[in-house]
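Visitor: Please take one part of this model and look at it closely for someone who has never seen the structure before. I would like to follow how that part is tied to what lies around it, step by step.

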Amino acid sequence: MQLFYAPDLEPPVHTLGEEESKHCIRVLRLGCGDTLHLTDGRGNLYRAEITEADPRRCTVRIVATQSEFERMPYALTMCVAPTKNPDRYEWFLEKATEVGVTEIVPIETAHSERRSFKPQRGEKVITAAMKQSLKAYRPELHALTPLREVVARSFEGRRLIAHCAPARTQRGKLFLPDSLQRGEAVQLLIGPEGDFSPEEIDFALAHGFEEITLGPQRLRTETAAVVATVMVATINYSGKSPETGLPTAGCRT
């Protein structure tokens, strides 16, 4: 299945943008009468038939719609400090989108090595990953936000912070897979290369965050973020039957 992204799609007729039209007609060599799939990134998967095979403005007619296509049984907001190397952060955006994430918030912290973030490139990475992994839900990418602002906002669900410092609460750090239940909404903080400052950790804990660990290994920021994303997905999908729609590893490569 070849998936196209059309955020402004309104059935029954839609015209693809020039870039998508060129890919459809000249690269894939599709023509009138051929079918393709589109998504608006909000859970709707459309099957469409090409009615005008113009490489500048390919027009399609929607013939079938599937709503809430492979909707995740949980919500995950990943709040991750941008890495010094932008490519590493883009790798995280790509993999998190493939695995499953609801929102991504780049956060600015006391030890951040990069205090700027260009969302335009990140949006393209997310769109490409969504299309490649055949998802109908597109994660929301936020602008760079100060950590304290993110922490001070209300959130309906579990709030977790992963850090490398010794535990600062009597309860201690829980291993992430042991701390969650299926179906929970989760907000997870991952710090920069230099980790969160003690003051930032205390501030998060004072606002209802729970401290967790991803294991004994020392991980880079982007690796920790992907590992956490995979762990949350595993918790929510483990033991489920094939009827749930969970894709088998590698089935879409």
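Guide: Phe117 is buried, because its relative accessible area is 14%, where buried means under 20%, exposed means over 50% and partly exposed lies in between (1.4 Å probe, protein chains only). The model is a predicted one, in which local features need pLDDT of at least 70 and side-chain atom pairs count only at pLDDT 80 or more, while totals for chains, interfaces and linings use all residues. Residues are numbered from 1 along each chain as its sequence is written, and side-chain values use heavy atoms, with hydrogens and water left out.

Phe117 sits in the loop that links strand E7 (103-108) to helix H3 (119-132); helices (H or I, at least four residues) and strands (E, at least two) are DSSP runs numbered from the N terminus. If its neighbours within four places in sequence are set aside, Phe117 is in contact with Pro82, Tyr89, Pro106, Leu141, His142 and Leu144, contact meaning heavy atoms within 4.5 Å. Ala136, by comparison, is 19 residues away from Phe117 in sequence, and their C-alpha atoms are 26 Å apart in space.

E7 runs parallel to E6, to which four bridges join it, two strands being counted as paired if DSSP finds at least two bridges between them. Met78 stands opposite Ile104 in E7, and Thr77 has Glu103 of E7 as its bridge partner. From E6 the chain crosses through H2 to E7 in a right-handed β-α-β crossover, a term which means that, with the strands pointing away from the viewer, the path from the first strand over the helix to the second runs clockwise.

E7 also pairs in the parallel sense with strand E8 (residues 140-141), over two bridges, and there Ile104 stands opposite Leu141. The crossover that leads from E7 through H3 to E8 is again β-α-β and right-handed. Strand E9 (residues 145-146) is another parallel partner of E7, with two bridges, and in E9 the bridge partner of Ile107 is Thr145.

E6 pairs with E12 in the parallel sense over six bridges, and Leu76 has Val186 of E12 as its bridge partner.

These elements bring us to the nonpolar cores, each a set of buried Ala, Val, Leu, Ile, Met, Phe, Trp, Tyr and Cys residues joined through side-chain atoms within 4.5 Å. The largest core has 32 residues, of which Met78, Phe92, Leu93, Ile104, Leu176, Leu188 and Ile190 touch the most other members. At least two residues of this core come from each of strand E6 (75-80), helix H2 (86-99), H3, strand E10 (158-162), strand E12 (185-190) and H7. H7 is the element that gives the most to this core, with nine residues. Apart from this core lies another, of 15 residues, among them Cys24, Ile25, Leu38 and Cys58. In soluble globular proteins, nonpolar side chains tend to be buried together.

Of the 17 residues of H7, 13 are buried, so H7 is largely enclosed by the rest of the structure. Beyond its sequence neighbours within four places, Ile190 is in contact with Met78, Ile107, Thr221, Ala224 and Ala225, among others.

Strands E1 and E3 belong to an open sheet of five strands in the order E1-E3-E4-E5-E2, with mixed pairing. Strand E1 (3-5) and strand E2 (13-15) stand at its edges with a single partner strand each, so one side of each has no neighbour in the sheet. From one strand to the next, the twist averages 40°. In strand E3 lies His37, which is buried, with a relative accessible area of 19%.

To set this part in the whole, the protein chain has seven helices and 13 strands, and 45% of its 253 residues count as buried.

How values were computed
Axes fitted to C-alpha atoms, helices over the stretch in contact; angles between N-to-C directions.
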